[in-house]
Amino acid sequence: MTTRRFTPTALHNTLGSHPPALAIASGDTVIAATADAHGFDRHGGKIAEKPNPMTGPFFIEGAEPGDALLIAIRDIAMTRGTGWTFDVLSPNVVDPAAVLRLRERRKVDWLIDAEKGQARLAEPPPALANWSVAVEPMIGCLGVAPDLGQAISTATSGRHGGNMDYRGFKAGVEVMFPVAVPGALFFLGDVHAQQCDGEIVGTGIETAAEVTFTARVLKGQKIGWPRGLNEAEIFTIGNARPLDQALQHATTEMLDWLMADYGLDEVAASHVMGQCVRYDVANVFNPAYSVACRVARAVLP
């Protein structure tokens, strides 16, 4: 198993069957540089266009349709001391009457102190003069090429992953994607220094980063939607609009997972899920909303 460092010379605004940027073996580790959601790199230079330009794709040898690709996120290191967000809530997350009092959104800068683990507004309103948030890096957009020769915008998401903006995609997490094309063609980017559940201002704290990941092919493990594991939980992600359809996809994928890998039939799995499932509203800003369905490992037989 080898470790490769990769700095992209071209970035992509779609997830699709683009020519591979780098071929790696199953089990290899890559340290990959990413630009922010508007295409600005670690030096603040614009190297790509919005939305969410992706690093990759990475061709994983041996991956074939019907397999799953497991991506272990080892580390997310921010490479720039600044980030940006929008400054008011997205109109679709407040009551219609409240939209009228929200002014037009503006892009504002943040200062990121990775050493102290804090981020603060560069020009805060008076009430937030001494306010900061913890730095908790996450990957907003990651996934594999979809089937049928599709090239799907990095603004949205689906079975292949994509712009899910789930704050659970952080260091120490393993993520699985259904493989639809030879080599899987894995992409990643859109790193946030911090983000709320739902991405309700339309961004996290957008910045550039280096992401260290290990890719592994799970032969013959057919899955329908993205799955994830951390030390405490397993989770599934559904991507769709309206929100209830995203929840249905995530719930069905969890049901299928418990039946396939944990020795439960539909009744037993329903009992476990009926008492122990927790849901996260991962994203309600993108064209497809994202919902995470979580089950603690401690309650699984």
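Which residue forms a salt bridge with D36, and how far apart are the closest N and O atoms? The partner is R80, and the closest N and O atoms are 3.0 Å apart.

## About the model

This is a predicted model, in which local features need pLDDT of at least 70 and side-chain atom pairs count only at pLDDT 80 or more, while totals for chains, interfaces and linings use all residues. Residues are numbered from 1 along each chain as its sequence is written, and side-chain values use heavy atoms, with hydrogens and water left out.

## Salt bridges

Side chains of opposite charge can pair when their charged atoms come close. The structure holds 10 salt bridges, each defined as a side-chain nitrogen of Lys or Arg within 4 Å of a carboxyl oxygen of Asp or Glu. Let's return to the opening pair, D36 and R80. D36 sits in the loop between β4 and β5, and R80 in the loop between β6 (68-78) and β7 (82-86), so the bridge ties together parts that are 44 residues apart in sequence. Strands are DSSP runs of E with at least two residues, helices are runs of H or I with at least four, and both are numbered from the N terminus. D36 is buried at 1% relative accessible area, and R80 is buried at 11%. Here, buried means under 20% relative accessible area, exposed means over 50%, and partly exposed is in between (1.4 Å probe, protein chains only).

E210 and R42 also meet in a salt bridge, at 3.9 Å from N to O. E210 belongs to strand β17 (residues 209-218) and R42 to the loop between β4 and β5, so this pair ties together parts that are 168 residues apart in sequence. E210 is buried at 18%, whereas R42 is partly exposed at 43%. R5, R42 and E210 are linked in a network of salt bridges.

## Backbone points to check

Most residues other than glycine have a negative phi, and most peptide bonds are trans. L148 has a positive phi of about 60° although it is not a glycine, and L185 likewise has a positive phi of about 60°. L148 is in the loop between β11 (138-144) and β12 (152-153) and is exposed at 77% relative accessibility. L185 is in the loop between β15 (174-178) and β16 (186-192) and is buried at 5%.

A cis peptide bond joins K50 and P51, with omega about 5°; P51 lies in the loop between β4 (29-34) and β5 (55-60). Another cis bond joins R241 and P242, with omega about 15°, and P242 is found in the loop between β19 (233-240) and α2 (243-261).
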